[in-house]
Amino acid sequence: ISTSAAGAVDLDETDGITLTDLDTTDGSITVDAGGLITATDVVASGSTGDSVTLSTTTGGAVATLVTGADAVSITADAGDVTVGALTATAGILGVTATTGSINDAADDNTADFTAGGLITLTAQDEIGVLGSGSDTDLEFAAGSSVNVSTTGTGAIDLDGLGALTLSDVDTANGAITVTSGGALTVTDVASGTNGNISLTTTTGDITGLATVNAGSGNVTLNSAGAITDDGSTGTVVTGGVLTADAAGAITIDSTVASADISTSAAGAVDLDETNAITLTDLDTTDGTITVDAGGALTVTDVATGNNNAIALTTSSGDITGLATVNAGSGNVTLNSAGAIADDASAATVVTGGVLTADAAGAIEIDSTVASADISTSAAGAVDLDETDGITLTDLDTTDGSITVDAGGLITA
């Protein structure tokens with residue numbers, strides 16, 4: 001079916017149908033079917049309002065090539081939707097598989113979705129997760145903004161061929177995996193039933209990092225550039241284990257159980273944690289590390305490259321299990337709303353230039369530092385074991401003894 005002048009096409013099919021070639025010169029295309037729609041070549045040319053709308057009550061849809069001058073909408077009340085190349089030139093693009101899945105028609109790396117506006121995908125089952133192949137996810141043209149959700153059991157796997165904005169991506173019960181070939185703007189990503197979330201850029205930053213909620217599932221952030229928070233304390237990364245790697249600075253607001261964070265290029269790490277957290281492994285190539293926690297801070301391994309400073313703070317709870325903290329010759333600052341407790345191993349020490357430690361309780365530290373400024377604001381002793389010589393610039397307790405053992409000259 002084709003038109004050679006302005007005018008729409010409206011087709012009502014009782015059963016399934018193959019749309020071998022439907023095109024308009026200047027008009028919309030609407031197809032309603034009672035079975036499988038196979039859209040081999042459907043093009044609505046024109047301008048504003050000249051859109052393509054395909055809907056079926058059963059059988060699903062195979063959309064090989066569908067283009068609208070304005071918007072594109074494909075709805076399958078029953079059955080899966082398989083996508084080849086959908087283009088909504090100036091408008092929004094929507095695909096709904098009410099009781100099925102949405103997947104790529106081919107094992108390729110070409111754009112499945114291109115739109116001038118928001119791309120919305122909704123399915124009961126998986127979105128972008130084919131059973132086999134080397135490139136099974138759904139691909140989005142550079143600059144796309146997406147709203148993708150599942151209502152049943154199923155994972156989501158998306159691939160941005162350039163910059164990609166995750167306006168709202170969520171599963172009812174499934175993991176979420178997103179890779180972008182440009183900057184990845186993360187507004188709202190949430191997995192149901194504690195599904196893992198993985199967000200990756202092959203070029204560009206992970207930016208505008210707002211709400212990422214995996215419940216108790218793990219969150220993995222891999223950036224070819226920096227990882228940048230959205231600047232709002234009301235939006236956080238929620239999960240069990242937070243793993244973040246970047247070739248630049250990392251700024252994250254979190255509510256997680258533990259963190260493994262590293263940089264492969266110059267850039268600081270700034271982590272603001274709502275509750276208690278275990279710092280399993282935090283390290284920078286060349287940048288400071290700052291951690292503020294609203295609960296107990298368990299410090300397993302924290303290290304900066306190029307002698308950059310480390311600052312660890314709790315607003316509630318202890319700094320505990322204090323193991324390896326290595327700032328080279330940079331300064332180390334520990335501020336605890338409770339006590340500061342060493343991990344009791346002589347093999348793990350706080351290494352730095354100036355050690356500053358303040359606590360509302362007892363302080364126990366094994367150190368290899370040049371000098372120390374240590375004080376307590378509540379009852380509690382200070383016990384400092386220093387590997388080498390040390391200058392005790394200012395050590396004081398409110399109500400507690402002070403014990404210092406050093407392997408070199410003590411300058412008090």
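**Exercise 1.** Which residues is threonine 67 in contact with, leaving aside its neighbours within four places in sequence?

*Solution.* This is a predicted model, in which local features need pLDDT of at least 70 and side-chain atom pairs count only at pLDDT 80 or more, while totals for chains, interfaces and linings use all residues. Residues are numbered from 1 along each chain as its sequence is written, and side-chain values use heavy atoms, with hydrogens and water left out.

Step 1. Locate the residue: threonine 67 is in strand E8 (residues 61-68). Strands (E, at least two residues) and helices (H or I, at least four) are DSSP runs, numbered from the N terminus.

Step 2. List the contacts, where contact means heavy atoms within 4.5 Å. Threonine 67 is in contact with Val42, Val43, Ala44, Val52, Val72, Thr87 and Thr89. For valine 52, which is 15 residues away along the chain, the C-alpha separation from threonine 67 is 7.1 Å.

Step 3. Judge the accessibility. Threonine 67 counts as buried because its relative accessibility is 19%; buried means under 20% relative accessible area, exposed over 50%, and partly exposed in between (1.4 Å probe, protein chains only).

**Exercise 2.** Determine how the rings of phenylalanine 113 and phenylalanine 140 are arranged.

*Solution.* Step 1. Apply the rule: rings of Phe, Tyr and Trp (its six-membered ring) pair if their centres lie within 6.5 Å, and planes under 30 degrees apart count as stacked, over 60 as edge-to-face and the rest as tilted. The count by this rule is 1 aromatic pair.

Step 1. Classify the pair. The ring centres of phenylalanine 113 and phenylalanine 140 are 5.0 Å apart and the planes lie at 20 degrees, so the pair is stacked.

**Exercise 3.** Trace the pairing of strand E30 (residues 277-283) with strand E28 (residues 250-263), and then with strand E32 (residues 297-299) and strand E33 (residues 301-303).

*Solution.* Step 1. Two strands pair if DSSP finds at least two bridges between them. E28 and E30 pair in the parallel sense over 5 bridges, and alanine 259 has leucine 279 in E30 as its bridge partner.

Step 2. With E33, the parallel pairing of E30 has 2 bridges, and leucine 282 has valine 302 as its bridge partner.

**Exercise 4.** Where does threonine 171 lie, and is this residue buried or exposed?

*Solution.* Step 1. Threonine 171 lies in the loop between strand E18 (164-170) and strand E19 (176-180).

Step 1. Threonine 171 is buried, because its relative accessibility is 6%.

Step 2. Its side chain reaches the backbone oxygen of glycine 174 at 2.6 Å. Beyond four places in sequence, the residues touched by threonine 171 include Thr150, Gly154 and Ile156.

Terms used
Polar contact = N/O pair within 3.5 Å; in protein donor to acceptor, adjacent residues only side chain to side chain.
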